[in-house]
Amino acid sequence: MNDVILKLNNVTAGYQNGPDILKSVDLTLKKGEIKCIIGPNGAGKSTILKAIAGILRPRNGNVLFNDRDLVGLEAYEIMRQGICFLPQDRALFDTLNVSENLWMAGYTLHDKKELKLRIEEVLTVFPILKKRLSQYAGTMSGGEQQQLIFARAIILKPQIMLIDEPSLGLAPSIVEQAFKHIEEIALTGVSILLVEQNARRGLSSSHTGVVMDLGQVVFEKDAKEVLNDERIQELYLGKRKSK
Amino acid sequence: MIYILQVIILGLCLGLVYALMATGLTLIFGVMRIVNLAHPIFILCGAYVAYWLFVLYGLDPILAIPIAAIVCGVLGAIVYKLVFEKDAGSQKYSEMTVLLTFGTAMILDGTLSFFFKNTQRVTSPSYATDAFFIGDIFLPTAQLYSGLVSLSLIVALALFLKFSTLGVAIRATSLSRVNAELVGINVKFVCLFSFILGCALAGCAGSLVSFVFSFFPAKHFEWIAVLMSLVVLGGMGSILGAVTAAIVLSVLASLVGAFLAPSWSTMVFFLALFVILLIRPQGMFGKYLS
């Protein structure tokens, strides 16, 4: 299959001198695919994303992006290859205004005219941001910040987006909106690897679901199958046995 | 009334020079969390560059600013590469840098004393002893020029940080190293650049200081105390804060000097430091550091 754009082989990783959090993980991501990783706390879901993004350097194994190994590159270099990481804590620059945040998102773009065009383009996708251009990012509502994050992410037209807990701390209606954006972004050909605590919501927007536990991939299936799997429902989706 | 105005204007000119001296320090702290106790020694290096260029070649210290900036910038780059780069990002970095920068200051202090001896020096361009009169107000030319040049350099720095891509990247990095990396900013480069910029600003300040104060190698101990009080008062890492603190305190200090006794005026800086640490430890424009 040549539409696989990201391939993790045998990746082992952990924090500082601590134990291995990821234990020989294999994972693939196809073009335009939304893949959702679910599993209990401490399973290593976020750690996978950090290991791919280069925030955490894998101890072993390799991460192949279009057949090029990313292990050992700095986070900013990986980002420049076309992999965009959206961490849990939003990673906005709180006391820079919206337009400066967008400007920084295009930091790696050397053609500044092109950057201007892309910012215009992004602002038509997220019209709310247009009214907030001179406002500090940290003073906007959760929903607006979420939009700014997506806006920032698509400015560089990445090939892969790694999204950690997009629903965290958001009101239910905003969560719906966030997932709508994720689906729309994937339709443009971007592959998305998603970690979501709200497993049901995450899976229902995804093509495939991956179940992780104790640092290993337990299994991987079509997202709908995962949603309907009795055992998984019991273990990870919080359905009671009696029902 | 005229007298008060006179004192305020003199304080203001001096305050702008202090502000320029403090901007580099606060910039370096803001971006890299380095508490640069060696900052004033870089200012002194700039002062010596301006002094010798004047003595040997008759170059005006204001025109010597670019040369002093380059010399201090290069020196800064060397020091950064040798001393600070490898530990950047480690957990106790700020605490470590206090010792590292202190050591750097001692080494440079010793080197300067070895070459230039502990003689008091001052650059004396033709305008150093001149003065303007506006009505009854007396304006010493040296103070006025140094104040105006400082002001324009600070404005230039502010414009750079506000409107250039690298400037915004510097601000972004000072907000969060990790987030800056995530948008593709080469944080290592931004840190090196900020350190060089901070040291170059010290060099600029040094040129100006060379004809406003008399100086000798151990002078930096006196300055670091005043500069740290300005930076803490403004909020560690806040340039606007440091500039405001410098101007306000310097005006206050000259008022105290004029109406109480000159020996009390330095006290203003330290009293302000005590008060701010008691009532607002994060400084005027600062935020709590996590």
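Predicted model: local features only at pLDDT ≥ 70, side-chain atom pairs only at ≥ 80, totals over all residues.
Student: What radius of gyration does chain B have, and why compare it with a compact globule?
Tutor: The C-alpha atoms of chain B fill a box of roughly 60 × 45 × 35 Å along the principal axes. Chain B has 290 residues, so a compact globule would come out near 19 Å. The value for chain B agrees with this: 19 Å.

Student: Which percentage of the residues in chain B is buried?
Tutor: Take contacts with a separation of 6 or more in chain B: residues 24 or more positions apart account for 78% of them. Burial is counted over the 290 residues of chain B, and the buried share is 52%.

Student: In which order do the four strands of the open sheet in chain A lie?
Tutor: The pairing in this sheet is antiparallel. Strand 2 (20-30) and strand 5 (68-69) of chain A each pair on one side only, as edge strands. The order is 2-1-4-5.

Student: How many bridges join strand 1 of chain A to strand 2 of chain A?
Tutor: Strand 1 covers residues 4-14 of chain A and runs antiparallel to strand 2. One bridge partner pair is Gly14(A) with Asp20(A), the latter in strand 2. The number of bridges joining the two strands is seven.

Student: Which residue of strand 4 of chain A is the bridge partner of Asn9(A)?
Tutor: Strand 1 and strand 4 of chain A run antiparallel and are joined by five bridges. The partner of Asn9(A) in strand 4 is Asn62(A).

Student: Which residue in the turn between strand 4 and strand 5 of chain A has a positive phi?
Tutor: Strand 4 and strand 5 of chain A pair in the antiparallel sense over two bridges. Leu64(A) stands opposite Asp69(A) of strand 5. The two strands form a hairpin with two residues between them. The turn residue with a positive phi, about 50 degrees, is Asn66(A).

Student: What angle does the direction of helix 1 of chain A make with that of strand 2 of chain A?
Tutor: Helix 1 (residues 45-53) of chain A packs on the sheet. Helix 1 touches strand 1, strand 2 and strand 4 (60-65) of chain A. Its direction and that of strand 2 make about 70 degrees.

Student: Which helix of chain B gives the most to the side that touches chain A?
Tutor: The contact takes 17 residues from chain A and 16 residues from chain B. The chain B residues divide into nine nonpolar, five polar and two charged. Helix 6 and helix 7 (177-182) of chain B each supply at least two residues. With six residues, the helix that gives the most is helix 6.

Student: Is helix 3 of chain A roughly parallel or roughly perpendicular to helix 6 of chain B?
Tutor: Helix 3 (residues 98-105) of chain A and helix 6 (residues 165-175) of chain B have axes 10 Å apart, at an angle of about 100 degrees. Angles of 65 to 115 degrees fall in one class. Therefore the arrangement of helix 3 of chain A to helix 6 of chain B is roughly perpendicular.

Student: Which residues of helix 6 of chain B make the contact with helix 3 of chain A?
Tutor: Helix 3 of chain A contributes Glu100(A), Trp103(A) and Met104(A). The residues of this helix contact divide into five nonpolar, no polar and one charged. From helix 6 of chain B come Val168(B), Ala169(B) and Ala172(B).

Terms used: Residues numbered from 1 in each chain as written. Chains lettered and ligands numbered in written order. Axes fitted to C-alpha atoms, helices over the stretch in contact; angles between N-to-C directions. Parallel < 35°, antiparallel > 145°, perpendicular 65-115°, else oblique. Contact = placed C-beta atoms within 7 Å. Nonpolar A, V, L, I, M, F, W, Y, C, P; charged D, E, K, R; others polar. Pairing = 2+ DSSP bridges. Rg over C-alpha atoms; globule rule 2.2 N^0.38 Å. Buried ≥ 20, exposed ≤ 12 C-beta atoms within 10 Å, placed from the backbone.
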